Amino acid sequence: MILIPLYDTVLLPDVSFIFRKEIIDSWDIDELSVGDEIHFAFFKEDKPGYIESPDDIYPIVVSARIESIDSEGGIRIRTIDRLNISNIIIDDDEITADLTVRPDIEDISPKERDERFEKVKNALLNFVQDFQWGLFARGLILQWKNMNELCSAMLGYFNMTWEEKYAIIEADSVDQRYKLIEDSVFEFVEMSRVHSEAEDAQMEEHEKLYRESALKKQISILQQELDAMHPESISDVALFRKKIDESGMNDTARKEADKILNRMKQEGQDGHEYGMLYDYLDFVTSLEWHEAEPEEIDLGKVEEILDEDHFGLKKVKERIVQQMAVMALNRKQSGSILLFVGPPGTGKTSIGQSIARALGREYVRISLGGIRDEAEIRGHRRTYIGAMPGRIMEGMKRSGSNNPVMVLDEVDKLVRDFSGDPSSALLEVLDPEQNFSFTDHYMNVPYDLSNVLFVCTANTVDTIPEPLLNRMEVIEFNGYTASEKFSIAKKHLIPKAYKQMGLMKKNLNITDAAVKKIIEEYTAEAGVRGLKKQIDNLCRSAAVKLVKGVDKKISVTPKNLREYLGRRVLHHDIIEGAGTVGIVTGLAWTAAGGEILFIETAIRHGSGKIIITGQLGDVMKESVEIAISLIKGIYPKETEKLSEYDLHIHVPEGAVPKDGPSAGITITTALASLFTGVKVDPHIAMTGEVSLRGNVMPIGGLTEKLMAALRAGVKKVYIPDKNVEDLEDVPEEVKDALTIIPVKRVKDVLKECIVDEK
């Protein structure tokens, strides 16, 4: 049985009644459905919404059936009978009881019943017509179909005790019940009239105030007419009133804007706060509050635009298309927050522009690099002088849209110190469960960011706090191969440079060989930003010659490239000659891409010192110590007199700091070569960290390292066995040109490289 207790509420049979959602939530019962039969009990006194004892309720309940449930959770019920309730048993949440119908005593005729109902209803209609709200009340009264409905709707407004109201429910005689209702209604009408007469008497005392209010209203109406006649001189207050009315703000924002507008009106243009109030209203009314209609997403168009704007990046494009497909199915913003991670110049930021173009949305870019103040994200409170909104809401204003594509650039370069932690402020912005009510401190009202497609970029995830990183899906942007850079230069960079410099192909021809030489000798990066600068520089130099009339047609080849770009700026390490004892080729990752490095070792008579040079970080120094321990275990005879010698380990280019867990196997192999006197082929490179157990541990940046190996002329590369899956991200041309050998143990490498291993 569903038994719902009520207090101070009258329900009689044959009544249609609506309960609001907040009242239903207090019932503490399972979900209700249309057609369910429920029973209403009546508390004897005001208590929490559950029955503790049979003595808590009166012995009469009213049964009802649920007729409908609206979208907001409110329900409409129709009462059926009065019932006697007895033998109540309360067991935890279950209530059982005996119910018997309590019939009415029909001691008046239907005709008299209708006449008495019409009499009471007319009395109420005559009463409400004198009030401002009378038209609304009249509509409600005309909907009542019987005396029971009138009673259930009206008694809540009467000055009656609960015992007096329950007496009406308890009355079995229809005549007696009608008399109680009639007495209550007529008493209420007379008391209200007396109260109204008293208010009229007081009105005379306040006539001056009412007159003043009427004059102000008249002035406001006249001002509106003047504004309509002369739009060019419309007042600020009238202008903002119009903007607020047309903005589509939510209720909270509308109340705040109205409050500020009233303050602005009272302050006047000469007030010292007028400017601050003006700026606030100008900002909030410039935002787009209307929710945009869901766009139709054409995946074919998305793929076409991504391919048109960006070369390669196959996996990145596939992931973006997947996100678009989910949005197309849901017809709303959904899916993960994408975090594009990779070296500079790989297209992380510009691909956000392509996404915006593919979706037909506005594009906004916000640079977060170097931000150290939380207020830069959330805004300043208006109590401060010079308060401003945060960058997120400022970006929303610039976009003029409710659903732009917003690129948050350089999230790995947010600064966290004693003055604040801006990354924490981003947690709410990038959380779909919270950002539907993002509150900027300057605005002080919630704004819905759930329709914004956020795209974040970073060069590395190492400096991103874990809670913020967990809210995003990391998508790696690997460096471009030489052939990919060549294609990007031909298809994108050179045509754009021609357009920017006002050049035409008939005036300037850059040969393919020249482009390849620029890539090899003038750039050292994973991306193409440096390549773009060099091509722009070349075009500018050519433009000077064309304008001076030195040449009418210029052809740039590898032979004359130096005339335009000067001497080459890079000298990549290239594998040349035979191997040297104690020197092994390693692979390293840098922010600009991959690079090879040579681990050099030497031994001299001394006192057992270990000398490490080349600006190695703590991690690489630990790798050296592990490598020495491993070599002592593998070659005990060769290293037994190590205490009589000084061991020197050096990594060239000492001006460049080096660190990271990937040089362990290279250092170990170099030491093995040193102590055995066996040369290691310099065309063999390796990468991987080692453990004291002799295992080769996995590393990162495999793609960039293999690309560097190919560029340097390496033929064979040893990689950790656990990095085999990462080969899926390596371009096919790199894998085809290299012999890549996965290894699990240090001895597997030494067996291949140190021929006379013991």
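**Entry 1: H12 and H13**

I began with a crossing: H12 passes H13 in a right-handed sense. The model I am reading is predicted. I looked up the axes next. Those of H12 and H13 come within 12 Å and cross at roughly 35°. I then listed the residues that make the contact. H12 supplies Val316, Ile320, Met324 and Met327, and H13 supplies Ile351, Ile355 and Leu359. I sorted them by class: seven are nonpolar, none polar and none charged.

**Entry 2: H11 and H12**

I moved to the pair H11 (residues 299–309) and H12 (residues 314–330). Their axes lie 10 Å apart, and the packing angle is about 155°. Angles over 145 degrees count as roughly antiparallel, so I logged H11 and H12 as roughly antiparallel to each other. The crossing of H11 past H12 is right-handed.

Which residues of H11 meet H12? I found Leu299, Val302, Glu303, Leu306 and Asp307. On the H12 side they meet Lys317, Ile320, Val321, Met324 and Ala325. By class, this contact of H11 with H12 has seven nonpolar residues, three charged and no polar. I noted that Ile320 and Met324 are listed in the contact with H11 and also in the contact with H13.

**Entry 3: the sheet**

I traced an open sheet of five strands. The order reads S8-S9-S12-S7-S13, and the pairing is parallel. Which strands are at the edges? They are S8 (363–367) and S13 (472–476), each pairing on one side only.

I then took S8 with S9 (residues 405–409). They pair in the parallel sense over five bridges. I picked out one partner: Arg365 bridges to Val407 in S9.

H13 (residues 348–359) packs on this sheet. I recorded its touches with S7 (337–341), S8, S9 and S12 (453–458). The direction of H13 makes about 175° with that of S9.

**Entry 4: positive phi**

I looked up two residues other than glycine with positive phi. Glu410 has phi near 60°. I placed Glu410 in the loop between S9 and H16 (422–429).

Asn444 sits in the loop between S10 (438–439) and S11 (446–447). I logged Asn444 as partly exposed, with a relative accessible area of 43%.

Key: Residues numbered from 1 in each chain as written. Predicted model: local features only at pLDDT ≥ 70, side-chain atom pairs only at ≥ 80, totals over all residues. Heavy atoms only, no water. Axes fitted to C-alpha atoms, helices over the stretch in contact; angles between N-to-C directions. Helix = DSSP H or I, 4+ residues; strand = E, 2+ residues; numbered from the N terminus. Parallel < 35°, antiparallel > 145°, perpendicular 65-115°, else oblique. Left-handed = near helix turned anticlockwise from the far one by under 90°. Contact = heavy atoms within 4.5 Å. Nonpolar A, V, L, I, M, F, W, Y, C, P; charged D, E, K, R; others polar. Pairing = 2+ DSSP bridges. Buried < 20%, exposed > 50% of the residue type's maximum accessible area, 1.4 Å probe, protein only.
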